There are 2 protein chains.
Amino acid sequence: MFTISQFAQAGGVGVETVRFYQRKTLLPVPARQGSTRHYSEDDLRRLKFIKKAQAAGFTLDEIKELLHLDVSHDHSRANEMAQARLIALDIKIAELQQARDSLAKLSLQCCHTNKGPCPILKAFDI
Amino acid sequence: MFTISQFAQAGGVGVETVRFYQRKTLLPVPARQGSTRHYSEDDLRRLKFIKKAQAAGFTLDEIKELLHLDVSHDHSRANEMAQARLIALDIKIAELQQARDSLAKLSLQCCHTNKGPCPILKAFDI
DNA sequence: ATAAACCCCGTACCCAAGTACAGAGTCAAG
DNA sequence: CTTGACTCTGTACTTGGGTACGGGGTTTAT
């Protein structure tokens, strides 16, 4: 059982972020124990889930849906969302890889030409 | 020579985006030719540069700096920025790749288990 | 000669995902 | 018995990158 600041720390987020997720109903607001609220391991697992899903590029709204699916056990919808995200990730990765490669090439060229217009700046034009 | 809407279309952005870039001094505001302003091929190259640099993950502020470097021919600063971006891109790509792989694995598992808790939702917990 | 379709400028608004702050309560230690 | 560290709620602000709107001025086709 954590206080909100312990909980936030354990999840690697700020206290305000926890409250923000509660407002968004991504996290439940636990019942008070006396004057303050206490967070369980279950809440922590949920918070970590949010972080992981976020790293995979899901938006908070999508994550909310995933969390609700978890309750309703809607298997195929979850898979559908995963597939869509997978495709989006592949596209994004390919784009970044492409940008990375041309930037690397340019930087290399830049090292060799100390005079004249900078290849990095010039070659972006193409 | 383009009108603003032709220019925007040629660059693959909206008219409002062109004006926004002008406000940010990423694009010059060309002199009026009569009542309207006209955009050159040079402006278009600049606009496309912005798009490319953006695809490589540079922020608009960084792009502004790059554009100014182009004027002052500061070679090494441009290379420095390219290096920093390269590192950031590599990190980002690795993260996305990692997220992609675990998501793919989960989705595959999901296809095989039609009963019980969804592996996608469950396994994010780990 | 008038309506559609542009242009100009300035200001305001949008979104996601937080982050900050104000004003009040509670609790333990010195 | 007060000081400091926390908690609570609610509301407002921030950032980045646009997008929209209002009130005017031209230009062009019919």
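This is a predicted model: local features need pLDDT of at least 70, side-chain atom pairs count only at pLDDT 80 or more; totals for chains, interfaces and linings use all residues.
Chain A contains six helices and two strands. Along the sequence these elements come in the order α-α-β-β-α-α-α-α. Chain A has 126 residues, of which 25% count as buried. Among the contacts in chain A with a separation of 6 or more, 44% are between residues 24 or more positions apart.

One residue in the loop between α2 and β1 (32–33) of chain A is A:Thr25. The phi angle of A:Thr25 is near 55°, which is a positive value in a residue other than glycine. A:Thr25 counts as exposed because it has 11 C-beta neighbours inside 10 Å, and the cut-off for an exposed residue is 12 or fewer. In chain B, the loop between α2 and β1 (32–33) holds B:Thr25. Phi is positive there too, near 60°, again in a residue other than glycine. B:Thr25 has 11 C-beta neighbours inside 10 Å and so counts as exposed.

How are the two chains related? Chain B is superposed on chain A by a rotation of 180° with 0.0 Å of shift along its axis, at an RMSD of 0.1 Å. The two copies are therefore related as by a two-fold rotation axis. Within chain B, B:Ile93 has the C-alpha nearest the axis, at 3.0 Å from it.

The contact between the chains draws 40 residues from chain B and 40 residues from chain A. On the side of chain B that touches chain A, the elements giving two or more residues are α3 (41–55), α4 (60–72), α5 (75–112) and α6 (119–123) of chain B. The largest share of that side, 22 residues, belongs to α5(B). Sorted by class, the side of chain B that touches chain A has 22 nonpolar, eight polar and ten charged residues. Of the interface residues of chain B, 100% are also interface residues in chain A, so the copies meet through the same surface.

Next come the nonpolar cores. The largest one has 21 residues, and B:Ile50, B:Ala53, B:Ile63 and B:Leu66 have the most contacts inside it. Two or more residues of this core come from each of α5 (75–112) of chain A and α2, α3, α4 and α5 of chain B. Another core, of 20 residues, lies apart from it and includes A:Leu27, A:Ala53, A:Ala56 and A:Ala78.

DNA strand D is surrounded by 16 residues, the closest being A:Thr3, A:Ser5, A:Thr36, A:Arg37 and B:Leu60. Elements giving two or more residues to this surface are α1 (4–11), α2 (15–23) and β2 (36–37) of chain A, together with α2 (15–23) of chain B. The largest share of the surface near DNA strand D, three residues, is from α2(B). Its residues divide into four nonpolar, nine polar and three charged.

Around DNA strand C there are 16 residues, and A:Ser35, A:Leu60, B:Thr3, B:Ser5 and B:Arg37 come nearest. Here the elements with two or more residues are α2 and α4 (60–72) of chain A and α1 (4–11) and β2 (36–37) of chain B. The largest share of the surface near DNA strand C is the three residues from α2(A). By class, the surface near DNA strand C has four nonpolar, nine polar and three charged residues.

Key
Residues are numbered from 1 along each chain as its sequence is written. Chains are lettered from A and ligands numbered from 1 in the order in which they are written. Two residues are in contact if their C-beta atoms, placed from the backbone, lie within 7 Å. Helices (H or I, at least four residues) and strands (E, at least two) are DSSP runs, numbered from the N terminus. Ala, Val, Leu, Ile, Met, Phe, Trp, Tyr, Cys and Pro count as nonpolar, Asp, Glu, Lys and Arg as charged, and the others, Gly among them, as polar. A residue is near a molecule or strand if its C-beta atom, placed from the backbone, lies within 6 Å of it. A nonpolar core is a set of buried Ala, Val, Leu, Ile, Met, Phe, Trp, Tyr and Cys residues joined through C-beta atoms within 7 Å. Copies are superposed by least squares on the C-alpha atoms of residues with pLDDT of at least 70 in both.
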